[in-house]
Each structure stands twice: as C-alpha cells, then as structure tokens.
Amino acid sequence: MSTYFISDIHGCYKEFRMLLKQSSFNTKKDYLWIAGDLVSRGPNSLDVVKYLYSLKDRVKIVLGNHDINLIAVHAGVKKNKKENCFDEFLSSSDSTKLINWLRCQPLLKVDEKRKIIMVHAGISPQWDINIAKFCALEINYFLSGKNYSVFLQDIYNNNINFWQLNLNPLDKLRYAINSFTRMRYCHPDARLNMSYKQSPSFVKYPLKPWFLIPSNISKFYSIFFGHWSSLKGTYIPKPFFSLDGGCCWGEELIMFRWEDKKWFSQAFLSK
C-alpha cells in the first residue's frame, strides 16, 4: 500500500491519468490524497471529478478555492465565467450528483498516526491544531447542509484577515475559508495578505510566505499544500510539501509518494 499526494489538477485529466500510470498507482491497494483545485482552467474538469468519484474510499480530497467556486456557480450564487471552463460539467447529467459529493468533502485532512496535514492553500500560523480542526468541521457542516447556497453567499470577505477569538462566528468562518483555500502571504504579525500571487522573489519584506511565519502546528506535522504554482525554485522548509506544479499554465503535474519520499512529474500536453 502506498499513499500519493497531488494538487491542482485543474481539469488536466490526460496528464493526471498519465501520472498515475507512471507511478503505478493501484486503485485496489493505494490511496490518493488530493489537496484541492480538481477543476477549472483545464479542459476536462468533468472527467477528473468523475474518475475521483469512482475511486470511492481510495481517494482523500480537500476542497480548493476553484472547487468551492464550482459549487457556488452550480448553486447560482456566482456567475459562470469563460475562464472557469465549467460548461461541460454544468451541462452534464451527473453534475448534481458530483456537486453533492464535492460539497461533502472537507477543507482539512489530518492523519494523527503519521502526523500529516493536507490543505489546499495553507493553515493559519495563528492556529493550533484544535482550532484548525474545529474551523474545518464548521465549514464542512454548512457546506454539506441543505442551506449551503445561503452560506456561500455570505462567506467571501477579503477584509477578514486576522484571527481573533472575539470575531463573530461568521467572520471566523470567513477567515478560515481565506486561510484554507486562498492564503499565500502573511505580514510578520501573521495577518493575511490576499493581494499578492507572485513568486516570493518578486515580493518584498515585510510580506512572507505563510509557511515562513512561526507556527506551533509545523513543529509536529508534515504539511502538504497546493494553490501556489509560482513557488518553483523557492526555499520551502522541510515540514512543508508544495504540490502545485502549474500544469494548467503549461508546466507540469507533480506527485509525491509518502513511503519512499519519491517525486513523480508529468509535463503538460498541448491541446
């Protein structure tokens, strides 16, 4: 049995299946952990989600910002933009079934035995593991519930960028969504910056990548994340594993096997 980690497939179905074949992924024995952004930008989001749905308990997923956007578009909360590449998914007879499956997926996966965390964008340097787990469970409760569309209407807010115990319950969830699915940079006091996406080589002090802000969680866990393709060539401390190879931007899809610490890669295939 092997455990594979991958992120930001973004509808690049051909590259994804080739990467699984290259690594000898076995659907009956192995496990696939995916750090979000299954969909959008690439041409085959529907095929990606249908395949993962077919794997049942062999796949462990956390939602990314693009996955949540797909759920919101399907619910009529957000408009469908051309760059989403959602048309095939939304017109499929399987769309509602797959959306209902997606919205029941968590935003945080923790393996306490192996001390592994998987998240899409990051985990707030202000949190301990219990706060992170609580916030993820709260979001999962609302996102998987009957009134999830109402929840999605209220959850987006870039101004909620600092964790405080006296935040109202909705603002705590807004902060958590930003941390789990959209965070890249923090100020020295751990306040989130939601504006910059570039490589750290182009962003000046005082902003730092979130994983360079001191955190109690990273002392005890290996943390797998995606969301940030421009991290290539950036120093990333040992407890952190960056999984976004930028395949949807013409670069590569990358995957990590936990047991022997081996990396696999598949270059983007031209359309």
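Guide: Ile123, Ser124, Pro125, Trp210, Phe211, Ile213, Ser215, Ile223 and Phe240 line the largest cavity (on a 1 Å grid over the protein atoms alone, a set of points where a 1.4 Å probe fits but cannot get out; lining residues have an atom within 4 Å of a point). This is a predicted model, in which local features need pLDDT of at least 70 and side-chain atom pairs pLDDT 80 or more, while totals for chains, interfaces and linings use all residues. Numbering runs from 1 along each chain as its sequence is written, and side-chain values use heavy atoms, without hydrogens or water.

The volume of the largest cavity is about 40 Å³ (the space filled by probe spheres set on the points, which are joined across faces, edges and corners). One cavity of 30 Å³ or more is present in the structure. Seven residues of its lining are nonpolar, two are polar and none is charged (nonpolar: Ala, Val, Leu, Ile, Met, Phe, Trp, Tyr, Cys, Pro; charged: Asp, Glu, Lys, Arg; polar: the others, Gly among them).

The largest pocket (an open set with protein on both sides within 12 Å along at least five of seven lines) has about 760 Å³ of space. Its lining has 33 residues, and Arg41, Asn65, His66, Lys197 and His227 are the closest to the centre. Helices α3 (65-74) and α8 (169-181) are the elements that give two or more residues to this lining (helices are DSSP runs of H or I, at least four residues, numbered from the N terminus). With five residues, α3 gives the most. By class, the lining of the largest pocket has nine nonpolar, 13 polar and eleven charged residues.

As for packing, helix α2 (residues 45-55) and helix α5 (residues 95-102) have axes that come within 11 Å and cross at roughly 65° (lines fitted to C-alpha atoms over the stretch in contact; angles from 0 to 180 degrees between N-to-C directions). Leu46, Val49, Lys50, Leu52 and Tyr53 of α2 meet Lys97, Leu98, Trp101 and Leu102 of α5 (heavy atoms within 4.5 Å). This contact of α2 with α5 comprises seven nonpolar, no polar and two charged residues.

There are 25 aromatic pairs in the structure (rings of Phe, Tyr and Trp, its six-membered ring, with centres within 6.5 Å; planes under 30 degrees apart are stacked, over 60 edge-to-face, the rest tilted). One of them is Tyr53 with Trp101, edge-to-face, at 5.5 Å centre to centre and 90° between the planes. Tyr53 in helix α2 and Trp101 in helix α5 are 48 residues apart, so this pair links distant parts of the chain.
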